[in-house]
Amino acid sequence: MSSFEYASPNTEAEAAEMLAAHGGQTAILAGGTDLHNLLRAGVIAPRRVVDLKNISSLQGVSMVSGGLLVGALTTLDEILRNPLLAPYQSLLQVADAVHSIQIQVQGTLGGDLCHLPNCWYYRNGYGLLGKEKGESLVAGGRNQFHAILGNQGSAKYVSASRFAPSLIAWGAQVRIVGPDPDQSAMVPLEYFYVTPKSPNQGVTILQPGQFVSHILLPEIRDELASASYEVLQLEGLDWPLASAGVCLTTSAGIVREARVVLGHVAPTPWVSHDASLALVGQSITEESAAAAGEAAVASATPLSENEYKVTIARTAVKRAVLRAMHQLQGVS
Amino acid sequence: MAERKFGWGKRSENVLIGKSIPRIDAAVKATGAAKYTADTNSKGTLFARLLSSKHAAAKLTAIDLEAVKNLPGVKAVHAFKEVGDEIRWEGELIAAVAAERAEQAEDAVKALEATAKFEVLEHFVDEADVARAAFANRTKGLGKANKGDVEEALKTAKAVHKGFYGIHTISHMCLEPHGSHCEWKGDDLDVHLSTQSVSGTPSQFAEPLGIDASNVTVTANYEGGGFGSKFQADEWGIAAAKMAKEAGRPVRLMLDRATELKIGGTRPSGFIDVTVAADADGKVVAWDSIHWGTAGVGGGGVDLGQMPYPFDFPNVSKAQVGISCNTGPNRAWRAPPHPQLCAITQPALDDLAAKLKMDSYDFFMKNLVFTQHGKGEVYAEEMKIAAKEIDWKKKWHPRGKGAAGPVKQGLGMALHTWGGGPGACTCTLKIHPDGAVESFLGSQDIGTGTRTIICITMAETLGLPLEGVKVNLGSSKYPASAPSGGSITVGGVSGAHRRAAQTALWKLFDLVAAKYKVEADGLTAKDGNILNGKDKVCTWKQACALLGQMPLEVQGKGPEKDGLTSERVGGVQMVDLSVDTGTGLVRINKFVSVQDCGMIIDELTAKSQVLGGLIMGIAYALTEEQIMDNKTGRYINADLLNYKLPGIGDVGELVAIMYQPDSEYDRGVIGLGEPPVIAPGAAISNAVANAIGVRVPVLPLTPKRVLDALKGGQA
């Protein structure tokens, strides 16, 4: 790996300042579970690595007006253990499905949200868009793990975040600090992700000098249930082939509000309004859940090797909906 | 005096042999006290890093080794390729750098890479598409074989099945990658080598280094696996020795994981189009297959000698085409090439059974008459035991006719055979006057329990506790012993040690007989005593004291045809699994293996070999695969994220049943290391077909292939 400066700020403002240096050729160290891979493979070569772990404000979970404020450095293990997060079932399900104890203990929620794509063309040095001599290697290449939705542009990788689908389904917001040291803004997580047209655009709206400090979860309400369903080939450490996070509000057994977000199917977490529409006004049954799954993938445009992912994504949505229903019925 | 003959004792009288005994090196391995090659770190050791090719086919047109020789920390540079040399697969080594620190070596490799220029050549990496390969002029006929009259047999057959089956290339995946630690002491070279061939590698180092083999000591105390990929000194081993010489410092060079996957050895792929037919009774009458696949750039493929595996049907026709791919070269992979032969034969037979509307169990039972090596009757017994354990008759349902719901359960089976005869082994056994016992041999324990087996053999023979004997192996300075490949080690080392220990014991008996005025013929050694009939004559220590000052030293050799060892094992495996038709995921519920292997020295170690075989089999059946990118020619999943291996949560309940009636004990010791890995591919494929009602023709059975097959597409 290339040499880099190591910076260890104590405050958010310091962090923003340190990240803005070198024309933004900096990288954030949170848990470091993926940064290490990226540096060693030479996929990124930052001039400075900014370690956030001494910033105490980024740790912990606290109740605030309007919800729950979760520090970006909160580990997956803390998500599983913190009683304040217990009602957010879908998040616990995601943290649990990561399976690897090492990642659960070391990996952070903020790191997961900003995780760079696992696309093997990207990781083998062909850039975020997986191109060689201007041509996409992904389009006619080995794309079995690539996008089936939102893949008509240059970006064909899938968003790597495990938590984003469920968090977006919850209507979570992220607090972004920087680039001015004193500047911060709350942004709905749904709008945090972008699909780049050029390899240098990045996968989120974060600009040089900016970072995610917190995640704001809305307050829990009765009649609201959440669930996640990730399809993993391996029981051990593995990335989902597709996943779904859902949040349902019901009354009298009828869905009043539904948020359905798919993961690992598109360059961003994929909010499916069609799936929501298929559920609203219905009671949750095998049929209505299946209809939501159908709706979620109706506009899929699979690549040469990943049509199977359409089936998997459909299943993930259906099972996440059914899992949420079981929660509402008090069935584990 | 009665004639003294080598032989094993009565089974009922064994104290250690055949029991379940934990590995004698379990504690040192579990605590990390056991030092592997990758752990070797003598004072001043330099770190080595490798520059390998990102091109699958190219000519090296420029490289400047001088440019990096003066970089910080760099102590030696080695060129694998000269300007003008060809690169034939991605990952092929170009140069190595040894430096004070790992990151300095990495920096130097990066700097070296910047000086390297290539003329990129046409590559071809598509092992499965024989038509494309032919068009690219990458195919070569590898011969045909015929027996009987297939055409005639097909005309009168009751059922004819045509199918396509395949199994992709996989890479060797030892926990400890290939590599060595090389240190010069004057003209002598000490090599710690991760090897399956302690006795066979010194000369491989000596020749290219221009020294005598007697100057080389190869040491391998502990191994993180070999599986057939570690018989050579390898060019990177020679490079480590050369750089150590150049630097005047020890050098450790272990392949990084990506390079290990690319060049550490692959298992060839095999694909077939087959027509197979049976008579009204369900007996196979004809087999006609066309094969293709690759073993790397040399073409080749899976050797068809034993197709259809392991049967000898009355009418057989087979032909093979090899595909030359710009992919890493193959190396023997646990039971070569039986896993592939099994995985492309027995699914076709199972499909024929389905066409006949026969229970697969009945079909295989009926066709055991055609199995090679006269093992039909043993297979039948093993099938009955396996079926009972997995509850076959109760659980089996016609293909695709299981319970409703998205998760489908299925049963499948397959059977296998392997030689496992004893390898060459010489050991020196020493009995010291104080009663201590030790042996020396240039064999190796590649993780299979060889140390434990040897100690059990010596202790049983000499009537001592396991702690009363010691084995020294893993050095090429000890008496020569064969490489550990072909499952020949257990027979080789146990035979040689039994002979040595019996010979030594007889000499001791003679001394005891003379001293205590008893007949040597009536003496036995048990529980640390020498007995005459049931009467104690003296203790083991008292007997050994009769040696005087000098230890008794005896050489044991093998193999011999004295009944201590023999060959040819077989086994039957049955699997109960579930397929989630909503996700394509295959989950193993229960996997039963019934295995014969002659006389068992340590049942726990034997079962551990079987369990390891099943897990490795589940890996290549469900997840493990070399994925080549046609456009770039690169091994695109050469990392442990995307080269998927099952964890303990993926393997289900594994049941290892050792088939061991007295008839097996009487056959003597036979190797077991490889055979349990042969049948899982076919058994799992058959169970998936039984579950979902369609064949997923190509291994591994990933969610993609399962869902594609369900959709009626080409998996």
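At 48% relative accessibility, E553(B) counts as partly exposed, a class lying between buried (under 20% relative accessible area) and exposed (over 50%), as computed with a 1.4 Å probe on protein chains only. The model is predicted, with local features requiring pLDDT of at least 70 and side-chain atom pairs counting only at pLDDT 80 or more, whereas totals for chains, interfaces and linings use all residues. Side-chain values use heavy atoms, without hydrogens and water, residues are numbered from 1 along each chain as its sequence is written, and chains are lettered from A and ligands numbered from 1 in the order in which they are written.

E553(B) forms a salt bridge with K430(B), the closest N and O atoms being 4.0 Å apart; the term denotes a side-chain nitrogen of Lys or Arg within 4 Å of a carboxyl oxygen of Asp or Glu. This pair joins distant parts of the chain, 123 residues apart, with K430(B) in strand β19 and E553(B) in strand β25; strands are DSSP runs (E, at least two residues) numbered from the N terminus. In chain A, K53(A) and D51(A) meet in a salt bridge at 2.8 Å, N to O; K53(A) is partly exposed at 47%, while D51(A) is buried at 1%.

In chain B, an open antiparallel sheet of 3 strands has the order β4-β2-β6. β4 and β6 each have a single partner strand and stand at the edges, so one side of each lacks a neighbour in the sheet. Strands β2 and β4 of chain B pair over 2 bridges, pairing requiring at least two DSSP bridges, and K59(B) has E86(B) as its bridge partner in β4(B).

Terms used
Helix = DSSP H or I, 4+ residues; strand = E, 2+ residues; numbered from the N terminus.
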